[in-house]
Amino acid sequence: MAPGLRVGLLGYGVVGRGVAQILDARGDVEIRKILRHTPDKVTEARMTANADEILDDPDIDVIIECMGGLEPAHTYVMRAMQAGKHVVTANKKMLATHIIEIAAACETLDKKCRFEACVGGGIPWIHEILHIRRIDAVTSFRGIFNGTTNYILTRMTEEHASFAEVLAQAQAMGFAEQDPTDDVDGFDARYKGVLTCAAAFGRVPDPEEVPTFGIRGIAPCDLDYARVHGRVIKLVARGSFDGGRLALTVVPTMVREKDPLASVHDNFNGMEAESTTLGRSFYAGQGAGSLPTAHAMVQDLLSIPHPYSIDVHPSGKLAKRPAVYYVRGAKRGPLAELTAQDTGAAILTKPVSLQELKEHLVPEEGQKVFAAEIES
Ligand code: HSE
């Protein structure tokens, strides 16, 4: 039952325009107002630069938040719920940071906050996780949650090009942001991992506590090493919950060539969940983009009347998950006690947690460190 719902759209960038395009074409959901940044951008009767006109409008049932950033998005979401509105958001950073507070407000105020578009763009990943949980406990997940880095890794692998060359190319084509930090250093995947933990396990860590390592230091020789050993490098977020402790990491990972994640190319996302009776299930598709992300937001809007909610609690201290790592560009000395093998070009560690490994990584003179988990 979407017909009859009245929407306030917060933000009219790439995703907001996609949402308007889909809703206007449907014709059964009214976009009453659209928030623009500044008065000079107010070009239609339904647009305003004053958020109060949306948040205080009693005729708006749902706000669709696609502004991005922590503030004022967080304040607007809280105000909207307190004013009796449901929320659909694509803002992974804001939600991953404030999900405990927002989930509590949903419970107290009997409102919904849907966030499919925050994770995996158009892929119905959060929906599927919640669907699985109607029967099963989800025990673990892993996936490629960031399209920009997957695009860079794919191009580097196929063209034997350097990270800097491919990043510049991706920026020129609009695939990568001018400030690529969130993507290449793994923070974007970290927010998506945190939100997947919320949906899959009902536990959320502080994003700042999640051990995270990006792809900034990668070089063609690392991809060569992986290829020679029958592997492909992907930036993987991996979470697990044993009923007691939660583990979550974001780190480049050498997956086997036959692994389904290895066949996720370019800017696509791909994720796998493991649960008690279904076993392993795999999902892939467009992880970003105007209409795929807007599709997820409109799906969330249509699902507002359906009674699913998630119960989330802080995870407490994260568990340490030991793994073997390939490390290049780091000083040998600080890594000595963790080293199992030195190939000359790189070292392979003993099983060690990413938290512990990061404490021992000191760049060699003039080098960037690259580390990748070697999946067992
Ligand atoms: N920067 C993100 C990515 C956009 O590259 O996947 C979608 O969340």
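**Helix packing, pocket and backbone**

Mentor: Helix 1 passes helix 11 in a right-handed crossing. Keep in mind that this is a predicted model.

Trainee: How is helix 1 oriented to helix 11: parallel, perpendicular or oblique?

Mentor: The axes of helix 1 and helix 11 (residues 290-302) come within 8 Å and cross at roughly 60°. Angles under 35 degrees count as roughly parallel, and 65 to 115 as roughly perpendicular. The crossing angle is roughly 60°, so helix 1 is oblique to helix 11.

Trainee: Which class leads the contact of helix 1 with helix 11, and with how many residues?

Mentor: Helix 1 brings residues including Val14, Val15, Gly18 and Arg26. Helix 11 brings, among them, Leu291, His295, Met297 and Leu302. By class, this contact has one charged residue, five polar and 11 nonpolar.

Trainee: Next, helix 4 and helix 9. What is the handedness of their crossing?

Mentor: The axes of helix 4 (residues 92-109) and helix 9 (residues 187-201) come within 9 Å and cross at roughly 50°. That angle makes helix 4 oblique to helix 9. The handedness of this crossing is left-handed.

Trainee: How many charged residues are in the contact of helix 4 with helix 9?

Mentor: From helix 4 come Lys92, Lys93, Leu95, Ala96 and Ile99. From helix 9 come Asp188, Tyr191, Lys192, Val194, Leu195 and Ala198. The division is seven nonpolar, no polar and, for charged, four.

Trainee: Helix 5 also meets helix 9. Is helix 5 roughly parallel or roughly antiparallel to helix 9?

Mentor: The axes of helix 5 (residues 125-132) and helix 9 come within 8 Å. They cross at roughly 25°, and the crossing is right-handed. An angle under 35 degrees is the cut-off needed here. Therefore helix 5 is, relative to helix 9, roughly parallel.

Trainee: How many nonpolar residues does the contact of helix 5 with helix 9 have?

Mentor: Trp125, Ile126, Ile129 and Leu130 of helix 5 meet Leu195, Thr196, Ala199 and Ala200 of helix 9. No charged residue takes part, and one is polar. The nonpolar count is seven.

Trainee: Now the largest pocket. Which lining residues are the closest to its centre?

Mentor: The largest pocket has a volume of about 1400 Å³. Its lining holds 49 residues. Helix 1, helix 4, helix 6 (147-159), helix 8 (181-184) and helix 9 each give two or more of them. The closest to the centre are Val14, Val15, Ala90, Lys92 and Glu177.

Trainee: How many residues of the lining of the largest pocket are charged?

Mentor: The lining has 19 nonpolar residues and 19 polar ones. The charged residues number 11.

Trainee: What is the phi of His160?

Mentor: His160 lies in the loop between helix 6 and helix 7 (163-172). This residue is not a glycine, yet its phi is positive. The value is about 55°.

Conventions:
Residues numbered from 1 in each chain as written. Predicted model: local features only at pLDDT ≥ 70, side-chain atom pairs only at ≥ 80, totals over all residues. Heavy atoms only, no water. Axes fitted to C-alpha atoms, helices over the stretch in contact; angles between N-to-C directions. Helix = DSSP H or I, 4+ residues; strand = E, 2+ residues; numbered from the N terminus. Parallel < 35°, antiparallel > 145°, perpendicular 65-115°, else oblique. Left-handed = near helix turned anticlockwise from the far one by under 90°. Contact = heavy atoms within 4.5 Å. Nonpolar A, V, L, I, M, F, W, Y, C, P; charged D, E, K, R; others polar. 1 Å grid on protein atoms, 1.4 Å probe; cavity = no way out; pocket = protein on both sides within 12 Å on 5 of 7 lines; lining within 4 Å. Points joined across faces, edges and corners; volume = space filled by probe spheres on them.
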